Amino acid sequence: MNIKQFIDDLALNEAETVRIDCPSCRGKKTFTAIKMDGSTIFNCYKLGCGTKGAVRSGYSREDIATILNKKNSVPVTHEPQKFVFPEYVSHDIDNRWMHKFIDKWNLHDTYLLYDVKDERAVFPIRSRNGMILDAVGRSLTGKSPKWLRYSGKADFFLSSKTDNTYCAVVVEDVISAIAIAENMDATGFALLGTSLSSKSRQELCKYHKVIVALDPDARNKTLSLTKELRATQSIVHAMSLQDDIKYKNYVDLKRLDGLINMNRRTAV
């Protein structure tokens, strides 16, 4: 089939992503495509398919309007420089390590790259206007450090299905933040360090409610962060977990959902 025509027919907007059946192997929901900087990058996750690549799509009228609106809405003096990935970070994620990692954590709808040099799954970190600021890589082979930041420019990682600023759940890592967004009506807010930076506190101040739900072995840190946040926010809860949130323990998720939605109807 003509893959370029297929990609063109998707008519993706800038920063839009889709996950659909593969047009080549017919794999169910194994084909992903994302439009970045005027090019559509596509890949089939199914082993043996080999369908992957990039098609220069250009910018539609809607893309240009979106880019101009973003530029006009964010002061130029405060906009950080665009992050450039190292040459060894690839869009080609068709290998057994990445397939195993994606299946384990159900990341089929998450845009990922692959660090060929260190064998890491790479999560791009975007600003609110869509610009890639940084990336964080998770080792796939037990290599230290487990998590690696590529530029250090980003202070946090956000994962959310909507622009809702009702509740943010502070977690330790990117996978846990994605689990929050996938399973809760809240934003997953992953710390990218051992403490809250001033930028992290400013971002969390945008939310009506903040819940600190760090891993069970970080209870002291959970309490200290909760105390710190209560100095600037009115509604902050600390939650003690039975397991890391990325494991989606049923009891943890049920308790967290109750805490997120507590008094929600009366929230302003």
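The exercises below, each with a worked solution, concern a predicted model.

**Exercise 1. Determine which residues of helix α3 are buried and how they are arranged around the helix axis.**

Step 1. Helix α3 covers residues 96-105.

Step 2. Buried residues have under 20% relative accessible area. In α3, Met98, His99, Phe101, Ile102 and Trp105 are buried.

Step 3. Viewed down the axis of α3, these buried residues fall within an arc of 165°, so they line one face of the helix.

**Exercise 2. Identify the exposed residues on the face of α3 turned away from its buried side, and the elements against which the buried residues pack.**

Step 1. Exposed residues have over 50% relative accessible area. The face turned away from the buried side of α3 carries the exposed residues Arg96, Lys100 and Lys104.

Step 2. The buried residues of α3 pack against three strands, β6 (113-115), β7 (120-126) and β8 (132-139), and against helix α4 (174-183).

**Exercise 3. Describe what is found at the start of α3 and just after it.**

Step 1. At the start of α3, a side-chain oxygen of Asn95 comes to within 3.1 Å of the backbone nitrogen of Trp97.

Step 2. Just after α3, Asn106 has a positive phi of about 55°. Asn106 is a residue other than glycine, and is located in the loop between α3 and β6.

Step 3. The relative accessibility of Asn106 is 48%, so Asn106 counts as partly exposed.

**Exercise 4. Locate Lys248, and give its phi and its accessibility class.**

Step 1. Lys248 is in the loop between β14 (236-238) and α7 (250-261).

Step 2. Although Lys248 is not a glycine, its phi is positive, at about 55°.

Step 3. With a relative accessible area of 30%, Lys248 is partly exposed.

**Exercise 5. Find the geometry of the peptide bond from Ser144 to Pro145, and place Pro145 in the fold.**

Step 1. Omega of the bond from Ser144 to Pro145 is near 0°, and the bond is cis.

Step 2. Pro145 belongs to the loop between β8 and β9 (147-149).

**Exercise 6. Describe the surroundings of Cys49.**

Step 1. Cys49 sits in the loop between β3 (39-44) and β4 (52-56).

Step 2. With neighbours within four places in sequence left aside, Cys49 is in contact with Cys22, Ser24, Cys25 and Cys44.

Step 3. Cys49 and Asp94 are separated by 45 residues in sequence, and their C-alpha atoms are 9.2 Å apart in space.

Methods. Residues are numbered from 1 along each chain as its sequence is written. This is a predicted model: local features need pLDDT of at least 70, side-chain atom pairs count only at pLDDT 80 or more; totals for chains, interfaces and linings use all residues. Side-chain values use heavy atoms; hydrogens and water are left out. Buried means under 20% relative accessible area, exposed over 50%, partly exposed in between (1.4 Å probe, protein chains only). Helices (H or I, at least four residues) and strands (E, at least two) are DSSP runs, numbered from the N terminus. The arc is that of the directions from the helix axis to the C-beta atoms. Contact means heavy atoms within 4.5 Å. A polar contact is a pair of N or O atoms within 3.5 Å; within protein, one must be able to donate a hydrogen and the other to accept it, and residues adjacent in sequence count only if both atoms are side-chain atoms.
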